[in-house]
Amino acid sequence: MALSFTAILIILKSWGGTDAVEGLTTTEVCQSFILPMTCETRLSLVEQLQNDPIYNNLVKEATFFFSHAWEFKFRDLLHSIESFIREQNLNPDKTFIWLDIFSTSQHDFNEKSFEWLAYTFQQTIAKIGNLVLVMLPWSDPLPLKRAWCVYEIYASVKSNSKFYVALPPNEQETFIESIMADNLTFYEILKYSNSEVSHCQHQSDQDEIFNVIRRSIGFSKLDQLVFSTFFNWIVNLSESKLAKASSNEEKCAWLAALGNFHYENGSSNAAEQYFSRAYETCKLVFGDTHKQTLQAMNNLAAFLNSLEKFDESKNLSENCIKINTSGKSTEEYIEALGNIAAVYQNTADYKKAEELYLLALNGVKQINADSRKKYIYMSRLATAYRYQGKYNEAKEMVVEAIDGFCRLLGPVHPETLGAQLELGNLLIKLENYEECERILSESIEICKKGIGEAHTITDSLEVLLGSCFLYQDKLAEAEPLLVRSFNFKRQFIGSMNSNTLVAMNQLSLLYRKMKKFSEAELLMVECVAGFRKTITESHPNTLTSIFNLALIYQSLEKYDEAENMYKEALDGMRKVHGDSHLSSLHVMQAFADFYFKTRRYQESEEMLSLCIEKTLAVLDKSHAVAIKRIQELEKVREFRKQLIQRLESHESEKQ
């Protein structure tokens, strides 16, 4: 049973109004008011009022269970409830609030057994069907550090109850100011959302709660539920703020924010609508050269780049630079440079991308030497370096970016995880599989706990881990990751999207290693055709898929087709990367192996000799890759030597 919110306000008035509880925590209110009021009956306040014929009309079945921390200021708790009722368009007279301070006896509460408390909370939440978590403060919610609050969230999951969040108006305003300054500030909560480190007064209760959660849904899913609910609340709040916007500036800001929120949530169609509306509205209201218009232009350009609409993205960014009248030191100018660099990067012009990212990075450093943007450009610059074979520079950049992101944003933020993804790509390129596997496995666990299994970064990390397993011939571990990712991408973003084609490429390689050559060939032929159609012939992804098709043809003993693919891949790699790039060297080594297996031993030795010469230009002689290639050359030479000796011996015998 519970009190309506109106009844709670009546009781508050009887205590002397809000002034009487000013500055008091919920614990202090309990000690100062609840315990004295119920000392004779030792009942809960709700039970005591229910037994009183004068006041029993204030008590009815609860409609919402509120989960909170007792350290909260009691006024903040009441304001959170009031704000929730207003947001949900509820009638305070008919909204009955289950609060433990009112609905359970406080006289023997600490003497209750774990079994009694767990059963009571679970049954109550299941019966009510609505749990509201008071998220105070929003960036580091106290309830997530309290084991009994965590248990209440668990009980809502187990009973399929609806789950909501609530904030008082002053905290909402602080939060709104934060997301207006940086739309992705809401990820701040992921720094601290770790219900597994929650605690309670009695260690035995904590142990019991943890055991129950571990045996059922687990802490990761619990934390993800909290974050996804909070995220949905943010979107709803933003929609409401947009509808009530009192100025054009405010309207444009909320349109841009909603574009970012939907993009982060993977809702591309909704994101594009909001980004486009923001840009068109800003142009109409403020004109082409206004700061807010340029910001909206950059947002739309970055989004179009993510959709692989490279020409549209580049045109917008170049126009932004052209009409920017405030000079090269503005954030809008630097952002446009970064967007153009991203287009060059995605279309394989890594030298140009490097040049522009360096300009953007230097520009950002002048504005703020320790900002999120700085580390974003460092991470992207690391990618440009990696594709150009500048591995030392790449590692230096990405390691500093990860450190910066972790410090500013925390380990669970998508930017941090994206930088970890880049480090994983670099480690695979350097064939440092053990370290790569460790880093990716840790990042995936962090991802699933924080931003969820369906997030694009989680998927990208799993694909890369699958590839890492694949290159180590851990096929059983690789298969579920690669199959799941490919099927997911093909269903939701289509077969011709470059991300789907990359997943297709990796799955085909897996089938080749599993000796499912027909399946591998079908997928890789489709993959090569897809890359040729959607991106340039010289793009590394196109060349990599051509090389992989050569490997499959070789396995199928289609040697003419294989040789043509090897030649096309190697010529393309040399043209794009040069002879000393690890990708070019990898193709050279495979081509040398092809020559050897097709009994063209001299060509095999020549190709492998060139490969080693170029390898030693970028790797130390003691590097595992260099050692392996030198050993391969020695085997080829020894085989040729023995073959020549046998032939000479055979000729001598004939004579």
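Modeller: Happy to! Searching the whole structure turns up zero disulfides. Keep in mind that this is a predicted model.

Colleague: Is Cys149 buried or exposed?

Modeller: Cys149 is buried, with a relative accessible area of 4%. Cys30 is buried too, at 5%.

Colleague: Good to know. Switching to helices: how do H8 and H12 cross?

Modeller: H8 covers residues 169–181 and H12 covers residues 248–264; their axes come within 10 Å and cross at roughly 80°. The two helices are therefore roughly perpendicular to each other.

Colleague: Which residues make that contact?

Modeller: From H8 you have Ile176, Ile179 and Met180, and from H12 there are Ala253, Trp254, Ala257 and Phe261.

Colleague: How many of those are nonpolar, polar or charged?

Modeller: Seven residues in the contact of H8 with H12 are nonpolar, with no polar and no charged ones.

Colleague: Nice. New topic: what does UniProt say about residues 1–20?

Modeller: The unreviewed UniProt entry annotates residues 1–20 as "signal peptide". In the model, that span is 55% helix and 15% strand, and its end C-alpha atoms are 26 Å apart.

Colleague: Now Asn339, please. Where is it found?

Modeller: Asn339 is in helix H16, which runs over residues 331–346. Asn339 is buried, with a relative accessible area of 5%.

Colleague: What does Asn339 touch, leaving out residues up to four places away in sequence?

Modeller: On that basis, Asn339 touches Asn298, Ala301, Ala302 and Ser317.

Colleague: Last one: where is the place of Thr544?

Modeller: Thr544 is in helix H26, residues 540–555. Thr544 is partly exposed, with a relative accessible area of 29%.

Colleague: And which residues is Thr544 in contact with, beyond its neighbours within four places in sequence?

Modeller: Those are Asn505 and Met573.

Colleague: How far is the C-alpha atom of Thr544 from that of Leu570?

Modeller: The two C-alpha atoms are separated by 9.6 Å, and the residues are 26 apart along the chain.

Definitions and conventions. Residues numbered from 1 in each chain as written. Predicted model: local features only at pLDDT ≥ 70, side-chain atom pairs only at ≥ 80, totals over all residues. Heavy atoms only, no water. Axes fitted to C-alpha atoms, helices over the stretch in contact; angles between N-to-C directions. Helix = DSSP H or I, 4+ residues; strand = E, 2+ residues; numbered from the N terminus. Parallel < 35°, antiparallel > 145°, perpendicular 65-115°, else oblique. Contact = heavy atoms within 4.5 Å. Nonpolar A, V, L, I, M, F, W, Y, C, P; charged D, E, K, R; others polar. UniProt positions renumbered as here; feature names shortened; annotations may be inferred. Disulfide = S-S within 2.5 Å. Buried < 20%, exposed > 50% of the residue type's maximum accessible area, 1.4 Å probe, protein only.
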